[in-house]
Structure formats: structure tokens, C-alpha cells
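Below are some numbered notes for reading this model. Please keep the sequence and the structure open beside them.

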Amino acid sequence: MMIRVKGQGIKLIWVASLVVSVSLLLLPFVFRLDGKTHADWQQFLGRFHPLVVHLPIGLILLVPLLEVAGRARPALHEAAVFVLSLSLLSCLLALTLGYLLAYGSGEAGAGVSRHMWGAIALTIGVLGCVLLRGASGGLRGFYPYLLAGVLLLLAWTAHQGGSLTHGDKYLTEYLPQPLKRLGGMGTVQAKAFDFPDSFYARHLYPVFDANCVVCHGEQKVKGGLRLDTYDRLMRGGKEGAVIIPGKPDRSILLERITLPTDHKKFMPSEGKPPLKPEEITWIRAWILQGASQEVKSLAGIDVPEPFKEEPLPQVGDYSKMMGEISQTAKAAGVTLVPVSRNLGDGLILNTVDAGQKFGDAQLAGLVRFAPYIVEAELGRTAVTDGCFATLGKFPHLRAIHLEGTAVTGTGLTALAQLPQLSYLNLSGTQVTQAAIAPLTSMKNLRHLYLYNTPAQPASVARQEP
């Protein structure tokens, strides 16, 4: 049952609500988020904000459901008043803890400001809903519209908070293209650099962007430090310059990323994984050699270009040969399995059922279908070095399994003429380093397995039990 307050009591409630609203609006001007850290107790209490912040979200979303369901069940209609009141209290609590977190830890930035003002406006909006929900006359009619506005404001404020934690692309990065185009996000421009071919732009900025900018960027600025541009990186933060060109040992940034992971000042913070050793090496060398935004390469640093996966060419149409392929494979005790429903993706030669019954002669009997076979699984069969001359006639081979066979590598040069070969497993064979030497010129051969062979690298061999 709802208790209605009349007369002087109503005036006091409205005056108190006005005082609370004005106080909330003045809060950012009295306690400015200027990027300076304050008391530890503020940070301690503020870190409960992520836990508490979900409470007002759930309660506010529950209110319109209770209002609608209350049309059929009056008890639920009255429950909406109680839930709305709890929403206001939880908003005040979440706002207080969130402000303590930002103020105490020295967080600032455009994203922090938007989230803060959204929370203030949301709290005032919920307070207004409480007042209008209990009002009489014409004022009561504004309640549904204000409640709808509160729901929209809740979504926007929650998005701002999520962007601070996960980055501003967290919700939109994998948005379907039609929705991106509808929202005007389909033509996002890449970040512009004064020197786009520089070592900083191609290698270092991606490291900072992936690991640091979420806390040290335009949206959130911890410690007054931003790493989202070269100029701001070199400007440093509240502790001064974090990069001293030519002096890596005096550069705070390098010091922080090389601290023990359990150290209070280790970066990246908040449980994020440390930078990779090669990334730290790049940063150290870059600082040592002047920390320039223009230089394209660094002495002693060789960063391999990422491999660009190109579309695989399609094999010919063998649909009219399916009967012959099936009969020949059955006679040889093997199977020729399509890679996919698209015949152009080719066939896989599977010899698992044939085992030692399958040798060089049986492989040669399949040459007629060589243009359509893209993978040959010959592991633990009876093939010998004589198979290489035959395999060299399979123009679309991309993967060859020869593990556990009797091959020694003689004639292995025949595979060098296979332009698409990217996988070759010779583990458990007798191939030597001299035999595999001709394969080093094959640019697409990215996976070469030599475990338990005379050609196995010594460093790998020592790692084996």
C-alpha cells in the first residue's frame, strides 16, 4: 500500500530533492577530476564500484516491467514504488563509489567525464521518477515519459562505463556490417600518423594501443599520462617524462613494464598480461636509439612482416570423374575425401586403412587424379624416397604427411616445385639437414616438422626427454 504525504511534507520532499540534485551537479566542480591521486581509502572504497554498479541497472530495468505487469496484478504495481526507491538509493551508492574511484586514483579524460555526468543525470532522473510517481494531478502524467528517458540514459551511461573498461570499440567491433553502415560506422578511418612507415607507427603504437591506451588514452587518463599519440607519450604525465631518448634505464615507462608482475607499479595494471619479451626489446632499443617518431628501422632489431594469407586457388572440376576416383581409391585401399562440399577445394588422400600395404607403386597409380589432390596423408605407410618424384606431379599439394616412413630425403628436391606446399611432416624419418636444404627457398613452406630425425635442430633435440 502506498503512503501519500500531503501538505508541508510534500514541500519538504521537493526541497530536499532539489538540494540533492544541485549538490550532485556541483560535485564535479568542488572535487575536480584533475588526474591527481588522492587518499588510498578512497581508492579502496571506489574499487567496489564495479560490483555495486550492476545493482541499479537491474533495479531500474525491473521498474517498467512491474508497471506493465501491475495492470493485471495490482500488487506488482505497488511493488514498483519500492523497487524505484531502491533504484534511487543504489544509484547514489554506485555514484559515490564511482566518484571515489576516479578521484582517488587520479582518473580523468573525456570518457571518464561522460560516464560521470551520465551517472549524475541518471541519478537525478531516477529521483525525478520517484517524485512524479508519487505526485498527483497533471504531474503524475509525466512519469512514464521520464521513466523512458531514464532507460535511454541508463543504456548510454552503461556504454560509457563499459568503454572505459574494455575500450570504446567493445560493443561495435564485431557489429554486423549492415548495422555498422546504418549507424555510420562502416567507414572508420585508420589512425593518422605523421610518419606512417616509421618504426613507432608500425610496431610500437600497436603495442601501446593494445595494452596501455584503455587506461592512458583520450577516454581515460590515469596519472595524467596518455599514450595514444607520439606527442603525448613524449610529454609524459604527472611524474614527468616517461621516455628519456637515449636513456632507457632512466625511462619510467620501460621501468614499469619490466617490474615483477606482482609489484604495485607494474604496468599494464589491473591484471592485464605483461608485454611480450620481444615487445619490451623493441621499446628498449627504440629509446636507446633516440625514441624518434620518424626512423623506419632500428639497428639490431629485425621485425618479420606478418604473413599475408592469400586465397587458395581452386582445383579443376572432377565431378564427372567421381565414379572412377572412387573405384581407383578402393582398389588401392585408400580414400579420396573432398575437403568440403565445394569440389574446387580439392581432395584429401587418406591412407589410414591401407597402412604398410600402400607404397610407391600405389601412389603412382593415383597420378591421374594429381591435379585434384591438395593433401596427402602418407604417414606410417610403405612409401620410400621414390615417392618424391610422384608427389612432385601433384601441383596443388598443400600438405604432406610422411611421418614414420622409410624416407631419407633423397629426391626431396622434387617437392621444391610445389608452389602451394605449406606443411611437410618428416618426423620419425631419416632425413638429414643436407636433404632438406633445398626446401629453405620455398616461401610458402611455413610448417616443417623434423622431430626425431637426423635433421632435427640441436636446440629442439635437447628439449626432448
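1. Glu 324 is partly exposed, with a relative accessible area of 34%. The terms used here are set by cut-offs: buried is under 20% relative accessible area, exposed is over 50%, and partly exposed lies in between, with a 1.4 Å probe and protein chains only. Glu 324 forms a salt bridge with Arg 368, and their closest N and O atoms are 2.6 Å apart. The pair links distant parts of the chain, 44 residues apart: Glu 324 is in helix H13, and Arg 368 is in the loop between helix H14 (360-364) and S5. Arg 368 is exposed, at 52% relative accessible area. A salt bridge here is a side-chain nitrogen of Lys or Arg within 4 Å of a carboxyl oxygen of Asp or Glu.

2. A word on the basis of these notes. This is a predicted model, in which local features need pLDDT of at least 70 and side-chain atom pairs count only at pLDDT 80 or more, while totals for chains, interfaces and linings use all residues. Residues are numbered from 1 along each chain as its sequence is written, and side-chain values use heavy atoms, with hydrogens and water left out. Helices (H or I, at least four residues) and strands (E, at least two) are DSSP runs, numbered from the N terminus.

3. How many salt bridges does a search of the whole structure find? The search finds 6. One of them joins the side chains of Glu 239 and Arg 256, at 2.9 Å from N to O. Glu 239 lies in the loop between helix H10 (230-235) and H11, and Arg 256 lies in helix H11, so the pair ties together parts 17 residues apart in sequence. Glu 239 counts as partly exposed at 46% relative accessibility, whereas Arg 256 counts as buried at 13%.

4. Glu 403 lies in the loop between strand S6 (399-401) and strand S7 (423-425), and Arg 380 in the loop between S5 and H15, so the pair ties together parts 23 residues apart in sequence. Glu 403 is buried, at 14%, and Arg 380 is exposed, at 54%. Arg 380 also has a positive phi of about 60 degrees, although it is not a glycine.

5. Most residues other than glycine have a negative phi, and most peptide bonds are trans. Ala 291 has a positive phi of about 50 degrees; it lies in the loop between H12 and helix H13 (322-332) and is buried, with a relative accessible area of 1%. Met 267 and Pro 268 are joined by a cis peptide bond, with omega about 0 degrees. Pro 268 is found in the loop between helix H11 (252-257) and helix H12 (277-288).

6. Now the sheet. Its 6 strands form an open sheet in the order S3-S4-S5-S6-S7-S8, with mixed pairing. Strand S3 (335-338) and strand S8 (447-449) stand at the edges with a single partner strand each, so one side of each has no neighbour in the sheet. S3 and strand S4 (residues 347-350) run antiparallel and are joined by 4 bridges; two strands pair if DSSP finds at least two bridges between them. Leu 336 stands opposite Leu 349 in S4.
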